[in-house]
Amino acid sequence: MNLRLAWRKSLNVVMLSMTGLCALITVSALFFILGYLVWNGGKDLSWSFFTHLPAPVGEEGGGMANAIVGSLKLLFLAALFGVPIGLLGGVYLAEFGGRTMPFLVRYTADLMNGVPSIVMGIFAYALVVMPMHHFSTLAGGIALGIMVIPTVLRNTESFLRDVPRSLREGSFALGANKWRMVGTVVLPAASRGILTGVLLALARVAGETAPLLFTAFGNRYWSPGFLQPTSSLPVVIYTYATGPYEDWHRQAWAAGLVLLGLVLVTNILVRAFLTRGTAYERT
Amino acid sequence: MTTTPNAITPSDLPAQPRSFLRRWSGADEIAHLITLIAAAALLLIAILLVYQLWILSAQARSQFGWSFFIKEVWDPVSGDFGAAPFIYGTLVTSAVALLIAVPLGVGAAIFLAELAPPKLSSALTFVSDLLAAVPSVIYGLLGVFLLVPLMRTTIEPALKEVLGFLPFFQGPSYGIGFLTAGIVLAIMIVPFVLSVSREVLLGVARDQREAALALGATKWESTWKVVVPAARIGIFGSVFLALARALGETMAVTMVIGNNPKIAASLFSPGYSIAAVLANEFSEATGNLYLSALIELGLVLFLLTFVLNGLARLLILVTTERGSGVLPS
């Protein structure tokens, strides 16, 4: 009997420490990735990396100014296209919707969130690249914009729902109509949470490579306007990492460090500061 | 009744506000309509997505029919296409990923939900959320330059030494291949298993744990025999969700799988996945049939993830009232 108790107790200790080990492995992966990138990419980061165009193929040096600007342009288009639809759709779900329509929209949003990003690339290709007959910043921006919609929509909805009932009732009691109540009371009250959702969604698509491969494509020069193919940081990392030149590999590490830094800093700042005092604990 | 200048007569009182109200209640309808259009736009996009994939894959579907799924040939020059190697590669890498990620993620979730003090638990969850935010091309970068050489020189020879009698661990070690892709995928999907499982475990009522402990169970017995079974449906949901992620993951897999359309039993051999072939060949596809075959692959991938995601949401919905509110976005 005592033997059995000892066995159970030791099993308890062993298994519980195993779960701790699992947690340790998972969490240390992030620090490992970050450390390895800093170690490999840090030494090749220089001022010219941010200000110069890529050097001609086979030559050393050069930078990624066009990729950085290209990524910013793509994000701008994604926000322009995806945020209004997501935001208004979220307002509809939380404030207006009836019975079947909200269920349908909610379910579609969740499923769209799970569609592989490469399939979104095919979609944007069919929608924009095929009619225009060439790759463009616009096509890439639309691909990313579509990916932003479901996240923004669901986030907006859940933060609007968290606004206390008493605020709505107070504004009705003061004689406001529904849209004034939503626009001047509920939306401002939920604005920090909604902004968090928007920024996290943009940070997520900022690192997307797959939907850009055959929409924004790539470009070794500046891309004027929005109708030409453009370079972007994730795609450059992919091309350089799989390319044959030693110098390209070094630059891929540096670009990887810049991209990871941007994504992590955005995530940390947004989660640490914007969510303070809101009910944002779900994600 | 005498009227003083600042008294309000009953006759003006309703008149002004009423017309005011009427005007703005029209605006209510407009606001409703505008937000409805935005919500409907999402539905429209989803329908258009399915429609485009269906229409653009028509040529390949009519040419190859069901044989598309079992043929092992991929020959753009003679225009003969079969999806079997890609479907095989996608499934095998995802299976490897799940075998590693599910024990790791559920174990970590148990630690975070049951053992860790709340402050430590929320700090670790924060780190896991950040891990989920790391772009996949970064995983690919580490995969190419760190994991592939390590697999070639150390891990694969060691596996061959110990488990070489199994058909999965035979043949030459290239470093690239199914196993490497599966390991990279595993690291990528652990945060998803972890965060959903943790939420589901936390949702199990406190009484259940206390009842088990009061009956003399150890902490582990109460966790493993009471809490985990109570949360199992939601944990299955998290596994399906992670599987859907793994199937559709593109860049990291493309960079380490080897891009070789062959079916092989050995996990060491280079292979190909649906997402990887799309990433590599889509922008260079010449000819309508080639493009159409690639889009049919996209359709297959879409349907696979669509079904799995739907199933995952349903399972998680059953165990948590919040439903998809717990899902990482």
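Of the 329 residues in chain B, 50% are buried; a residue is called buried if 20 or more other C-beta atoms lie within 10 Å of its own, exposed if 12 or fewer, and partly exposed in between, with C-beta atoms placed from the backbone. The structure is a predicted model, in which local features need pLDDT of at least 70 and side-chain atom pairs count only at pLDDT 80 or more, while totals for chains, interfaces and linings use all residues. Residues are numbered from 1 along each chain as its sequence is written, and chains are lettered from A and ligands numbered from 1 in the order in which they are written.

Chain B contains 12 helices and two strands. Helices (H or I, at least four residues) and strands (E, at least two) are DSSP runs, numbered from the N terminus. Along the sequence, the elements of chain B follow the pattern α-α-β-β-α-α-α-α-α-α-α-α-α-α. Two residues are in contact if their C-beta atoms, placed from the backbone, lie within 7 Å. Among contacts in chain B between residues at least 6 apart in sequence, 77% join residues at least 24 apart.

Chain A is divided into domain 1 (2-44) and domain 2 (47-274), with bounds that come from an automatic or database domain assignment. The centres of these two domains of chain A, taken over C-alpha atoms, are separated by 33 Å. Seven residues of domain 1 of chain A are in contact with seven residues of domain 2 of chain A.

The two chains also meet. This contact takes 77 residues from chain A and 75 residues from chain B. On the side of chain A that touches chain B, the largest share, 18 residues, comes from H1(A). That side divides into 50 nonpolar, 19 polar and eight charged residues. Here Ala, Val, Leu, Ile, Met, Phe, Trp, Tyr, Cys and Pro count as nonpolar, Asp, Glu, Lys and Arg as charged, and the others, Gly among them, as polar.

A nonpolar core is a set of buried Ala, Val, Leu, Ile, Met, Phe, Trp, Tyr and Cys residues joined through C-beta atoms within 7 Å. The largest such core has 193 residues, of which Ile237(A), Ile189(B), Val193(B) and Val256(B) touch the most other members. Both domain 1 (2-44) and domain 2 (47-274) of chain A give residues to this core, so it lies between them. Leaving aside neighbours within four places in sequence, Val193(B) is in contact with residues including Ala101(B), Val106(B) and Ala242(B).

Finally, Ala206(A) is found in helix H8 of chain A. Ala206(A) counts as buried because it has 22 C-beta neighbours inside 10 Å.
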